[in-house]
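Here is my note on the aromatic contacts. Please read it with the structure open.

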Amino acid sequence: MLFYSFFKTLVGQPVTVELKNDLAITGVLVSVDQFLNIKLDNIKVVDEERYPHMLAVKNCFIRGSVVRYVQLPAPSVDTALLQDAARRERQQPAAGARK
Amino acid sequence: MSDQLRSLVDHPVFVYLTDGRTLVGQLMGYDQAANVILGKTHERIFSSTEAMKTVPIGVYVIRGETIALIGELDEELDEQADYDNMMVEPLDPVML
């Protein structure tokens with residue numbers, strides 16, 4: 001739940017999602033869910049010339065299971081807060097978390 | 001999650017599968033696992049040596065596990081795109 005909450009704070013920010021097959025997509029984070037599925041608006045595929053397949057797609061839903069990285073704008077991340085939350089999560093894992 | 005796909009129902013969508021295939025169709029339904037029902041489905045087959053081919057395959061139920069991405073297809077942009085001259089490698093499969 002920690003990262004779900006974390007991503008919720010980033011809604012509205014531009015992010016770049018890199019998939020496990022190296023395809024990278026930049027867009028504005030519209031929403032995220034408990035599976036860390038991601039919805040992006042105004043997408044632009046990084047390296048468009050190599051991937052013109054999605055020229056006609058402006059917003060998309062990306063399944064969490066295929067995401068390798070989510071690149072975030074550094075100023076949007078409060079690392080101290082995140083460390084704190086991670087510490088608390090360790091001491092008291094939320095329901096449904098695996099140890 | 002139901003909210004994320006709800007806005008796409010009855011819209012033309014572009015579905016990218018983990019095996020690298022690209023489908024285009026009308027999103028008719030979905031569930032919590034992102035299993036999806038796609039109507040009027042066409043598979044778009046890309047090749048670096050030939051123009052893009054489109055194969056109509058009807059109504060499909062696609063298991064969520066095999067879906068990498070669902071995009072809302074902007075029909076205007078789709079019409080403008082020059083698929084007849086688009087000779088590119090198909091999208092890579094996703095190794096989970």
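**Aromatic contacts**

1. Start in chain A, at helix α1 (residues 2-8). A:F3 and A:F6 both belong to this helix, three residues apart, or about one turn. Helices here are DSSP runs of H or I, at least four residues, numbered from the N terminus.

2. The model is predicted: local features need pLDDT of at least 70, side-chain atom pairs count only at pLDDT 80 or more, and totals for chains, interfaces and linings use all residues. Residues are numbered from 1 along each chain as its sequence is written, chains are lettered from A and ligands numbered from 1 in the order written, and side-chain values use heavy atoms, without hydrogens and water.

3. Over all chains there are two aromatic pairs (ring centres of Phe, Tyr or the six-membered ring of Trp within 6.5 Å; planes under 30 degrees apart are stacked, over 60 edge-to-face, the rest tilted). The A:F3 and A:F6 planes stand at 85°, with centres 6.2 Å apart, so this pair is edge-to-face.

4. A:F6 also pairs with A:F7. That pair is tilted, at 5.6 Å between centres and 45° between planes. A:F3, A:F6 and A:F7 make up one aromatic cluster.

5. Which residue is buried, with a relative accessible area of 11%? A:F6 is. A:F7 is buried at 10%. A:F3 is partly exposed at 46%. Buried means under 20% relative accessible area, exposed over 50%, partly exposed in between (1.4 Å probe, protein chains only).

Methods
Helices (H or I, at least four residues) and strands (E, at least two) are DSSP runs, numbered from the N terminus.
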